[in-house]
Amino acid sequence: QVQLAESGGGLVQAGGSLRLSCAASGSTFRRYAMGWFRQAPGKEREFVGAISRSGISTSYAGSVKGRFTISRDHAKNTVYLQMNSLKPEDTAVYYCAAAVKSGYSDNNIVTNVKDYDYWGQGTQVTVSS
């Protein structure tokens with residue numbers, strides 16, 4: 001069982017910034033492709049960004065590209081989502097997720113919610129206008 005714990009959410013004004021953290025338990029963090037997703041009330045969970053096992057390859061949804069940055073620190077077993085220039089439409093519960101399939105290479109990017117195996121509890125991000 002992989003345990004993920006998000007933190008860093010909160011209330012921020014439009015144009016502001018937040019950094020979300022996702023701490024992973026266990027000794028196999030380096031084996032996981034990681035991703036961030038978000039879900040607003042009444043909407044489907046949507047892809048935000050992803051990072052490969054190696055940390056070299058990243059991918060972002062068009063709605064956040066240029067504003068959000070995903071990174072990982074293997075020494076700290078943590079993945080981050082730096083969010084800048086926040087907009088009210090970014091308001092959602094943000095989740096981190098881990099993909100553990102052995103078939104993924106070190107640089108594979110996983111973007112489909114159905115391809116992720118473990119999820120954190122989520123952290124609320126609210127952006128006011």
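**Reading a sheet and a salt-bridge network**

Me: In this predicted model, which residue stands opposite Glu6?

Reply: Strands of a sheet pair through backbone hydrogen bonds, either parallel or antiparallel. Here, Glu6 stands opposite Cys22 in strand E3. E1 and E3 (residues 18-24) pair in the antiparallel sense over four bridges.

Me: In what order do the four strands of the open sheet stand?

Reply: The order is E1-E3-E8-E7, with antiparallel pairing. Strand E1 (4-7) and strand E7 (68-73) each have a single partner strand, so one side of each is left without a neighbour in the sheet. On average, neighbouring strands of this sheet are turned by 15° against each other, direction ignored.

Me: How many salt bridges does the structure hold?

Reply: Side chains of opposite charge can pair when their charged atoms come close. The structure holds four salt bridges. One of them joins Glu46 and Arg38 at 2.7 Å, N to O.

Me: Is Arg38 buried or exposed?

Reply: Residues under 20% relative accessible area count as buried. Arg38, with 5%, is buried, whereas Glu46, with 37%, is partly exposed.

Me: Which residues form salt bridges with Asp90?

Reply: Arg38 meets Asp90 at 2.9 Å, N to O. This pair links distant parts of the chain, with Arg38 in strand E4 (residues 33-39) and Asp90 in the loop between E8 and E9, 52 residues apart. Arg67 also meets Asp90, at 2.8 Å, N to O. Arg67 lies in the loop between E6 and E7, so its pairing with Asp90 ties together parts that are 23 residues apart in sequence. Arg67 is buried at 11% relative accessibility, and Asp90 is buried at 0%. Through shared partners, salt bridges join Arg38, Glu46, Arg67 and Asp90 into one network.

Notes. Residues numbered from 1 in each chain as written. Predicted model: local features only at pLDDT ≥ 70, side-chain atom pairs only at ≥ 80, totals over all residues. Heavy atoms only, no water. Pairing = 2+ DSSP bridges. Helix = DSSP H or I, 4+ residues; strand = E, 2+ residues; numbered from the N terminus. Axes fitted to C-alpha atoms, helices over the stretch in contact; angles between N-to-C directions. Salt bridge = Lys/Arg side-chain N within 4 Å of Asp/Glu carboxyl O. Buried < 20%, exposed > 50% of the residue type's maximum accessible area, 1.4 Å probe, protein only.
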